Amino acid sequence: AYPADTAMDISHVFAPYRSQLDGSPYAEANCGPTAVGMALNAFGIDVPPRQIRASALDAQHMYGNGVGTLITALAQVVEQNGLGTFGLRNDDGSLHKWSLDDLRGQVQQGHPVIVQVRYRSLPGRGGAYYFGDHYILVTGVVGDGFLYNDPIDVDGLGWDRVISGA
């Protein structure tokens, strides 16, 4: 609870939720395409998960049910479906590492943002057996923290989860 005189600044972009745990043979490796699907849906573009995954794998020339996706391949899929990407690369071509202010600024402008994170760094995931990366879709700013849609929903609701700026 907050005191009555405390205002909380909240920005939110609605993105219909999708779970990567859809029974497909590649479900465990499909967080990137699932996050892309949610981002596309936020703008009224509905592309089947299988099509998003196939396009991402084609873009990175890597195939298989256990193959994850590269952020650059996901960006290509977003652009192939009529949306733009922002801030993926630095002037020298290297991948840009976003600050929390970069992230806040985009969400406050109404742009959901696909973020690559360490799975075990997410709230409640510190003891997970998986040690790799994971994609989430940041959809909101709440105070100094963020709202996000997590394609993995085995441990409860996957949408509008909260993570602190820290």
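User: Which residues point one way from strand 4, and which the other way?

Analyst: This is a predicted model. In a regular strand, side chains alternate between the two faces of the sheet. From strand 4, Gly145, Leu147 and Asn149 point to one side, while Phe146 and Tyr148 point to the other, and all are buried. Five of the five residues of strand 4 are buried, so the strand is largely enclosed by the rest of the structure.

User: Which strands are joined to strand 4 by bridges?

Analyst: Strand 3 and strand 4 run antiparallel and are joined by five bridges. Within this pair, valine 141 stands opposite phenylalanine 146. Strand 5 (residues 161–163) is also antiparallel to strand 4, with three bridges between them. Here leucine 147 has valine 162 as its bridge partner.

User: What lies between strand 3 and strand 4 in the hairpin?

Analyst: Two residues separate the strands, and glycine 143 in the turn has a positive phi of about 60°.

User: Which residues of helix 4 are buried, and why are they on the same side?

Analyst: An α-helix has 3.6 residues a turn, so residues three or four places apart point the same way. In helix 4 (residues 100–108), the buried residues are Leu103, Arg104, Gln106 and Val107. They cover an arc of only 165° around the axis, which puts them on the same side of helix 4.

User: What covers those buried residues of helix 4?

Analyst: The cover includes strand 1 (10–12), strand 2 (113–118), strand 3 (133–142) and strand 4 (145–149).

User: Which glycine follows helix 4?

Analyst: Glycine 110 does, with a positive phi near 90°.

Terms used:
Residues are numbered from 1 along each chain as its sequence is written. This is a predicted model: local features need pLDDT of at least 70, side-chain atom pairs count only at pLDDT 80 or more; totals for chains, interfaces and linings use all residues. Side-chain values use heavy atoms; hydrogens and water are left out. Buried means under 20% relative accessible area, exposed over 50%, partly exposed in between (1.4 Å probe, protein chains only). Helices (H or I, at least four residues) and strands (E, at least two) are DSSP runs, numbered from the N terminus. The arc is that of the directions from the helix axis to the C-beta atoms. Contact means heavy atoms within 4.5 Å. Two strands pair if DSSP finds at least two bridges between them.
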